Amino acid sequence: MSRRLSGEGSVRSAVLLIALVIALVPVISLVVDSFKPSGEFYTTGLLPTTWTLRNYQQAFSSGGGALTDLLHSVIVAAATTVIAVTLGTIAAFGLARCRYGWTGVVTYLILSVRFYPKITTVLPYYVMMRTLHLLDTPAALVIAYVSITLPFVVLIMMTFFADLPASSSPAGR
């Protein structure tokens, strides 16, 4: 029995090693290629003949804009997270704790929005952002991302609040 288990263990290890190599080869190739000079990028050699940091200097210099783009991404992601979690938690608490005839309908509407193909909203969203003069602004991205993530947050938080005992609600007062 132990031979069979060790045989299964070695097969499992071999499969995991192969999967690891398959997953890491593109990443390693990307890192190695980033040290190649621009003229040498499309050559067939695996390693660069001359190693350079010029690509990183160009990307992170004031003209490269990588740090500015990174900062904008962090700001948009943070704003989206704060707004979606705040609004989603408030909505989920109300839907999980208050039982009216319409709460089930609202829950199913939120669920249906999750499965709605987002590509169908691109044109109306573009027209709305153009009308509001928000094209090419971080606010437009935040609005788009919140509209996508808010139903997910509401559904996740509803299940969380539904699992909490009802006796814990007065403790928060």
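In which helix is R114 found? R114 is found in helix α4. The model discussed here is predicted, and the confidence of the prediction is given before the individual residues are taken up.

**Confidence**

Over the protein chain the pLDDT averages 87, and 92% of the residues score at least 70. Among the elements of the chain, helix α4, residues 103–115, has the lowest mean pLDDT, at 84. The highest mean, 94, belongs to helix α5, residues 122–131.

R114 has a relative accessible area of 31%, so it counts as partly exposed. Leaving out residues up to four places away in sequence, R114 touches I148, P151, F152 and L155. With I148 there is also a polar approach: a polar atom of the R114 side chain lies 3.4 Å from the backbone oxygen of I148. W102 stands 12 residues from R114 in sequence, and their C-alpha atoms are 19 Å apart in space.

Helix α1 covers residues 2–34. V31 has its place in this helix. V31 has a relative accessible area of 41%, which lies between the limits of 20% for buried and 50% for exposed, so V31 is partly exposed.

S34 also has its place in helix α1. Is S34 buried or exposed? Its relative accessible area is 17%, and because buried means under 20%, S34 is buried. Apart from residues up to four places away in sequence, S34 touches T52, N55 and Y56.

**The salt bridge**

How many salt bridges does a search of the whole structure find? The search finds 1. D33 forms a salt bridge with K36, and the closest N and O atoms of this pair are 3.3 Å apart. In general, side chains of opposite charge can pair when their charged atoms come close. Both partners are covered: D33 is buried at 18% relative accessible area, and K36 is buried at 2%.

**The loop between α1 and α2**

L47 has its place in the loop between α1 and α2, the latter being residues 54–60. At 57% relative accessibility, L47 counts as exposed. Leaving aside neighbours within four places in sequence, L47 is in contact with V32, K36 and E40. L47 and T68 are 21 residues apart in sequence, and 30 Å separates their C-alpha atoms in space.

Most residues other than glycine have a negative phi. H133 is not a glycine, yet its phi is positive, at about 60°. D136, which is not a glycine either, has a positive phi of about 60°. The table sets out the angle and the accessibility of each.

| Residue | Phi | Relative accessibility | Class |
|---|---|---|---|
| H133 | about 60° | 69% | exposed |
| D136 | about 60° | 84% | exposed |

H133 counts as exposed because its relative accessibility of 69% is over 50%. The 84% of D136 is likewise over 50%, so D136 counts as exposed.

Conventions. Residues are numbered from 1 along each chain as its sequence is written. This is a predicted model: local features need pLDDT of at least 70, side-chain atom pairs count only at pLDDT 80 or more; totals for chains, interfaces and linings use all residues. Side-chain values use heavy atoms; hydrogens and water are left out. Helices (H or I, at least four residues) and strands (E, at least two) are DSSP runs, numbered from the N terminus. Buried means under 20% relative accessible area, exposed over 50%, partly exposed in between (1.4 Å probe, protein chains only). pLDDT is the predictor's confidence in each residue, from 0 to 100. Contact means heavy atoms within 4.5 Å. A salt bridge is a side-chain nitrogen of Lys or Arg within 4 Å of a carboxyl oxygen of Asp or Glu. A polar contact is a pair of N or O atoms within 3.5 Å; within protein, one must be able to donate a hydrogen and the other to accept it, and residues adjacent in sequence count only if both atoms are side-chain atoms.
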